[in-house]
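Welcome! Let us walk through this structure together, one region at a time.

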Amino acid sequence: MFSLPLILQTAAAIISIIVLYSAIRLRSAPKAFYFICMASAVAIYSYGYLFELSSNTLEAAYLATRLQYFAVPFIGPFFYLFVRDYGNRAIRNKVHVACIFIVPLLCCILANGYPYTRLHFSSLSYTLTPSPHLIVHPGPTFVLNFVYNGILLLMGGYEILRHFPKKTAADRLQRFLFLCTLAGPVLNLVFLLGQASVMMDFGPLALCLTALTLGIYIKRNRQVEWLPYAREQVVENLQDAFVLLDNEDRFLDANAKALSYFPSMRLLPAGTPVSAIEGFPFELLHSASPVREFTWQSGDDVRYLRLSTSPIESGSQNICTCVMLYDSTETHRLMIELDRLASHDALTGLLNRGAFFSHAQRVFDLALRHGQPASVLMLDIDHFKRVNDVYGHAAGDLVLEEIARLLPQRLRHTDVCGRYGGEEFCAFLPSTSCEDATTVAENIRRSVQSRIFPVMHTSLHITLSIGVASLRPGEDESLADLVKKADAALYTAKRNGRNRVVSMEALEREQVQSTLAMQTEDMA
């Protein structure tokens with residue numbers, strides 16, 4: 001014959017299965033996980049208590065109680081974790097989550113260890129009046145489980161009051177419903193103390209109604225099924241990093257891309273100051289600069305990231321800040337490449353004429369300001385037109401490329417070298433006297449003369465004519481004047497037979513000596 005407690009508990013068990021089935025259908029939604037766990041625990045608890053009410057011996061009732069304790073200690077932790085997750089304050093550290101389940105796991109083991117251990121149940125007895133049920137005399141861990149679950153329920157209530165939105169009527173209704181669902185777990189704790197005089201433990205029924213209320217609400221509002229799913233699909237799959245901060249620059253949430261840039265965020269709980277995140281450019285958050293860029297590096301991988309912030313408002317109040325980190329590496333590299341193409345000769349890779357003068361002018365101005373020597377080399381390939389006419393322009397390009405590779409090897413990294421035009425090259429040598437520059441020019445000339453250029457199954461020998469002009473300390477000349485002098489010295493070298501170095505100083509000395517000789521002849 002069915003009694004009223006048995007009928008009520010049968011209804012609770014059926015409700016728990018319906019709720020669990022509905023929860024499992026939401027399994028693809030990220031925030032449904034702890035709700036599924038809680039619904040599973042409630043279903044196990046409900047059927048365990050149903051078996052207890054159906055039993056007629058102490059052994060059968062204790063077996064049903066053992067089944068219940070695979071779920072009862074875990075309902076409070078699952079409820080707390082669900083509330084935090086639903087309120088966008090999920091605990092991300094898996095170690096911290098595991099620690100929450102230490103006490104429930106201990107109580108589950110000790111409850112199933114009776115009578116070998118009496119830490120959870122000091123004693124158990126069975127009565128048929130006023131209805132069949134087990135009389136529990138609690139042990140130390142029983143009380144511990146009561147206190148521990150009570151603390152988690154209070155913390156869950158605090159999360160609902162503190163962090164759930166309350167701006168709109170729908171928000172306030174959500175807060176009210178979630179607070180009402182606390183009645184089920186609280187009522188369950190009351191009966192866990194072992195009220196032997198009552199006819200029935202209403203805890204399982206209350207918990208089923210709690211799970212049913214939550215299930216109906218989140219199913220109707222589709223917040224578990226669709227909004228987190230949209231976040232998972234959109235935010236998590238963004239190619240850019242997303243970080244959510246509160247108004248005090250404390251970390252709240254981040255997508256997978258942000259975690260790949262800043263792995264330490266995986267171990268940090270929500271509410272941690274963003275300044276504690278290793279490598280995070282928190283100093284750029286409130287920068288007035290319209291362009292907020294920084295360099296991120298992991299091993300050999302270097303990325304150029306651009307940071308932007310956007311306030312998220314509720315009504316007229318800023319509630320948090322969205323930080324987006326855009327990978328501008330390819331754009332940065334493209335700009336570098338464009339700059340290189342604009343400033344370098346496409347064939348030789350050396351600076352083009354405009355870029356050469358731009359770079360050399362800066363170094364020239366420093367030399368002029370500090371009264372230091374400097375020199376210019378003008379280099380021209382001898383009989384280059386003949387190479388093009390006899391062997392073709394491809395052969396001429398090969399010669400230009402080979403000489404362009406050789407020049408930086410014979411110059412210092414502080415020297416500026418470029419293609420002046422056609423077969424002419426120009427080099428600016430800071431802190432170099434005319435004598436030293438002439439020595440460098442001779443080294444270059446001999447290196448080219450001794451080199452063999454393989455062209456069309458034959459070997460070419462190429463020579464250079466080089467002109468040298470130097471800025472002497474104290475002189476007030478322009479770079480253009482210095483280049484003109486080197487160019488004049490170059491053409492003197494070509495008129496005198498090519499494959500030689502001529503310096504403007506040597507020409508000036510020759511002119512002085514020639515003038516003196518003529519004056520001596522006139523006097524004689």
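Helices and strands here are DSSP runs, numbered from the N terminus: a helix is H or I over at least four residues, and a strand is E over at least two. What you see is a predicted model, in which local features need pLDDT of at least 70 and side-chain atom pairs count only at pLDDT 80 or more, while totals for chains, interfaces and linings use all residues. Residues are numbered from 1 along each chain as its sequence is written, and side-chain values use heavy atoms, with hydrogens and water left out.

Let us begin with the whole chain. The protein chain has 19 helices and 14 strands. Of its 524 residues, 46% count as buried, where buried means under 20% relative accessible area, exposed means over 50%, and partly exposed is in between (1.4 Å probe, protein chains only). Take the contacts (heavy atoms within 4.5 Å) between residues at least 6 apart in sequence: 61% of them join residues at least 24 apart.

Now look inside. In soluble globular proteins, nonpolar side chains tend to be buried together. A nonpolar core is a set of buried Ala, Val, Leu, Ile, Met, Phe, Trp, Tyr and Cys residues joined through side-chain atoms within 4.5 Å. The largest such core has 47 residues, and F35, F78, F82 and F178 touch the most other members. Several helices each supply at least two residues of this core, among them helix 1 (4-24), helix 2 (33-54), helix 4 (72-86) and helix 7 (140-163). Apart from it lies another core, of 31 residues, including V387, A395, C434 and V455.

Which residues of helix 14 are buried? They are A355, F356, A360, F364 and A367. What covers them includes helix 13 (329-343), strand 8 (374-381), strand 13 (464-471) and helix 18 (479-495). Just after helix 14, G371 takes a positive phi of about 65°.

Strand 13 deserves a stop of its own. Eight of its eight residues are buried, so strand 13 is largely enclosed by the rest of the structure. L464, I466, V468 and S470 point one way, and S465, G467, A469 and L471 the other way. Two strands pair if DSSP finds at least two bridges between them. Strand 8 pairs with strand 13 in the antiparallel sense over eight bridges, and L379 stands opposite I466. Strand 14 (residues 501-503) pairs with strand 13 in the parallel sense over three bridges, with V501 as the bridge partner of I466.

Compare this with strand 11 (residues 452-455). Strand 11 runs antiparallel to strand 12 (residues 458-461), and four bridges join them. The two strands form a hairpin with two residues between them, and M456 in the turn has a positive phi of about 50°.

Most residues other than glycine have a negative phi, and most peptide bonds are trans. H383, in the loop between strand 8 and helix 15 (384-391), has a positive phi near 55°. R498 lies in the loop between helix 18 and strand 14, and its phi is near 65°. Y114 and P115 are joined by a cis peptide bond, with omega about 5°; P115 is found in the loop between helix 6 and strand 1 (121-127).
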